[in-house]
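Biologist: I have the structure open and a few things to ask. Can we go through some residues one by one?
Modeller: Go ahead.

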Amino acid sequence: MWKIREVDIANPIVIAPMAGVSNLAFRSIARQFGAGLIYTEMVSDKAIAYHDKKTLEMTRMDKEEHPLTMQLFGHDLDSMITAARYLDQQTECDLIDINMGCPVKKIVSVGSGAALLKRPEAAVELVHAIVQEVRKPVTVKMRLGWDEHSICCVQLAQRLEKAGASAIALHGRTREQMYTGKADWSWVKRVKEAVSIPVIGNGDIQSAIEAERRLQETGCDAVMIGRGVLGDPWLIQRVNARLSHESMQLQSEEEKLQWILEHARRLMQIKAEPVAIKEMRGHACWYIQGMPFNNRMKDLLTKVSSYVELNELLTRYGEFLALSKEEQAEQSAGFLDRCGKWLQQIKEEEEIKDGNSIIVTEKSCGIDR
Ligand SMILES: Cc1cc2nc3c(=O)[nH]c(=O)nc-3n(C[C@H](O)[C@H](O)[C@H](O)COP(=O)(O)O)c2cc1C
């Protein structure tokens, strides 16, 4: 157990904010698999300040989600304060995080995300002002610095602590690196030694051994995992098991396929089916990573557009995976061709059904065709 100010966190596994991923459905899975703390995807200060409906919807959370961090991005003092107040007073989140790490051009070109690393005065002023305005703890997620010549994380973390930040999450890359190279965790250690608030280390954790090693080597309070849990929420269980010296059974391929469907159902509770299934294509490909003939299967998965199609395809894939390795090798070509045809057939049936429902709707509306 560790704490960020008064917020208790059961274990040192933090799930990173990931735009386009960290919605209610994904977070509920990460929570169920045992994450200690979960971040929402970043939301825009201006969009909150202007009460953009879609953005406010992104701040919706479930009762079981505690502890949850909601992340804001922006740079303008007034709208950042307005948005932070909203998260403080109108949502049940436990922590408010300020994004100082996003490297995307669209974000940094206006002065937000990692661009704040180039303006430490503004970054410190922002955190100081927000801390004065909200009751919930305010944290910062940042990178090492803008580029290798301007690494500023240690001094900035110290100044942010003085400004009232309650924790720092550090991704061990510069903005210029984007996602290339390797995260440099030596800076996580240096930041941890320089401040008294909790430090969360982040970057490239893909296994339980790595998570444990990073915690030990740097002394950081927790590890943040992003891409490592995409299609592999079991990584959270593996890390927890390793840290508590317990053994863990490996999940079966069948179980993974079942979780794809479960993930899809949870997404469909928050989004319309076509949107949810489109989003699921990427997740499904991550879940089947490493399974036999997954490359050909991924081609097919990127074409699914309804839950029925996804279910059919995965059911047939499950039957194929249940065969012996020899049988799989023998039948793979025919099986994958058949899958393509099944998918096509379902799509045609769905089109006919859709067509019928249009005719029915138009008829019931009195439209004469
Ligand atoms: C798809 C995607 C979306 C991301 N969105 C955000 C975001 O909204 N806010 C943020 O601070 N970082 C974001 N990140 C960065 C991650 O939080 C994390 O710092 C980075 O992926 C490194 O950790 P990892 O190697 O464990 O993935 C995103 C990363 C990915 C891959």
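Biologist: How does Phe 293 count, buried, exposed or partly exposed?
Modeller: This is a predicted model, and in it Phe 293 has 18 C-beta neighbours inside 10 Å, so Phe 293 counts as partly exposed. The cut-off for buried is 20 or more.

Biologist: Where is Phe 293 in the chain?
Modeller: Phe 293 sits in the loop that joins helix H12 (273-287) to helix H13 (294-301). Its phi is positive, near 55°, and Phe 293 is not a glycine.

Biologist: What about His 245, what is its phi?
Modeller: His 245 has a positive phi of about 55°, again without being a glycine.

Biologist: Which residues of H10 itself are buried?
Modeller: In H10 (residues 234-243), the buried ones are Trp 234, Leu 235, Ile 236, Gln 237, Val 239 and Asn 240.

Biologist: What do they pack against?
Modeller: The buried residues of H10 pack against strand S3 (13-15), helix H1 (24-32), H9 and strand S11 (222-225).

Biologist: Staying with H9, where is Arg 214, and is Arg 214 buried or exposed?
Modeller: Arg 214 is part of H9, which covers residues 208-218. Arg 214 counts as buried because 24 C-beta neighbours lie inside 10 Å.

Biologist: Which residues does Arg 214 touch?
Modeller: Leaving out residues up to four places away in sequence, Arg 214 touches Trp 185, Gly 201, Ile 205 and Val 223.

Biologist: New topic. What surrounds the ligand?
Modeller: The ligand has 22 residues around it, and the closest are Ala 16, Met 18, Met 42, Gly 226 and Arg 227. By class, the shell holds 9 nonpolar, 9 polar and 4 charged residues.

Biologist: Which strand is Ser 44 in, and what does Ser 44 touch?
Modeller: Ser 44 is in strand S5, residues 43-44. Apart from residues up to four places away in sequence, Ser 44 touches Thr 55, Phe 73 and Gly 74. Ser 44 and Gly 74 are 30 residues apart in sequence, while their C-alpha atoms are 6.2 Å apart.

Biologist: Which peptide bond is cis?
Modeller: The one from His 66 to Pro 67 is cis, with omega near -5°. Pro 67 lies in the loop between helix H3 (53-58) and strand S6 (68-73).

Biologist: Which residues of H14 are buried?
Modeller: Leu 310, Leu 313, Leu 314, Tyr 317 and Phe 320 are buried in H14. Seen down the axis of H14, the buried residues fall within an arc of 115°, so they line one face of the helix. On the other side of H14, Thr 315 and Glu 319 are exposed.

Biologist: Why would residues three or four places apart point the same way?
Modeller: An α-helix has 3.6 residues a turn, so residues at that spacing point the same way.

Biologist: Last one: what is the average pLDDT?
Modeller: The chain averages a pLDDT of 94, and 96% of the residues score at least 70. Over residues 358-369 the pLDDT is below 50, and that stretch has 2 contacts in the model beyond near neighbours in sequence.

Methods: Residues are numbered from 1 along each chain as its sequence is written. This is a predicted model: local features need pLDDT of at least 70, side-chain atom pairs count only at pLDDT 80 or more; totals for chains, interfaces and linings use all residues. A residue is buried if 20 or more other C-beta atoms lie within 10 Å of its own, exposed if 12 or fewer, and partly exposed in between; C-beta atoms are placed from the backbone. Helices (H or I, at least four residues) and strands (E, at least two) are DSSP runs, numbered from the N terminus. The arc is that of the directions from the helix axis to the C-beta atoms. pLDDT is the predictor's confidence in each residue, from 0 to 100. Two residues are in contact if their C-beta atoms, placed from the backbone, lie within 7 Å. A residue is near a molecule or strand if its C-beta atom, placed from the backbone, lies within 6 Å of it. Ala, Val, Leu, Ile, Met, Phe, Trp, Tyr, Cys and Pro count as nonpolar, Asp, Glu, Lys and Arg as charged, and the others, Gly among them, as polar.
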